Amino acid sequence: MKKLVSSSQAAQILGLSLQGIHYRIKKGQLESIKRDGKIFVYVDSKTTTKNPKQVHIQSDEQLIQVKDEQIELLKKTIKFVKKQKDREIQRLEKQQNKIMDVFQSEVDLLKSAFNEMRAIYKIEHNTESTSTISTEQSSKKTPRSSQLEFMDIKEFFIFMKEHNKTDSQIKNIILNKIKHGDKRFIYNKETKEVIIYKSDFLDLI
């Protein structure tokens, strides 16, 4: 047999909080009526009031369960964030490696260009050696046209400029002829010097 009690009495009898009583009423788990603005609940007359200690224990157990759920949620969140961090680190490392590869390629190109240009301009220091060869040939008392078998870099530049070639074009001509093995342009790897043998250079002008 059921008896009608107030919501606070029902909470004591059932060992629930007042919020728990209202929650069960809302879910239809407890039969209730409203009189003069107050809520009354039907409870089984055989139900005895629970010991306050038991109510306290249940409340603690519920609190622990909620905390456990929150801890589990935090663990999942931390795991997700860690995965995202690892992925971002890997992406940045790959991007950094690509940038370093491009940079190294540019450095290699600059080194190659620098070495080629240095070889061309260093020929200016060959004046002393060309002078020695000229002296040896002059001792044979041959005409000037047959004394010199080669020309220095300055003479070659002057000759080509007389045929409307720019400095840049002349440099490219020398580099290309050395690369393609033109016998008129000899590059000494040991001394880093270029020897240019005389010719009419009709194919260049």
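**View 1. L4 of strand β1 and its partner in β3.** In this close-up, L4 has Y42 of β3 as its bridge partner. Five bridges join β1 to strand β3 (residues 38-44), and the two strands run antiparallel; strands are counted as paired if DSSP finds at least two bridges between them. Helices (H or I, at least four residues) and strands (E, at least two) are DSSP runs, numbered from the N terminus. This is a predicted model, in which local features need pLDDT of at least 70 and side-chain atom pairs count only at pLDDT 80 or more, whereas totals for chains, interfaces and linings use all residues. Residues are numbered from 1 along each chain as its sequence is written, and side-chain values use heavy atoms, with hydrogens and water left out.

**View 2. The open sheet of three strands.** The strands follow the order β1-β3-β2 with antiparallel pairing. At the edges are β1 (2-6) and β2 (32-35), each of which pairs on one side only.

**View 3. S7 in helix α1.** S7 belongs to helix α1 (residues 7-14) and, at 14% relative accessibility, counts as buried, a term that means under 20% relative accessible area (1.4 Å probe, protein chains only). Leaving aside residues up to four places away in sequence, S7 touches L18, I21, H22, I39 and V41, where contact means heavy atoms within 4.5 Å.

**View 4. I153 in helix α6.** I153 is found in helix α6 (residues 153-161), and this residue is buried, with a relative accessible area of 6%. Although I153 and V194 are 41 residues apart along the chain, their C-alpha atoms are separated by 8.0 Å.

Definitions and conventions. Buried < 20%, exposed > 50% of the residue type's maximum accessible area, 1.4 Å probe, protein only.
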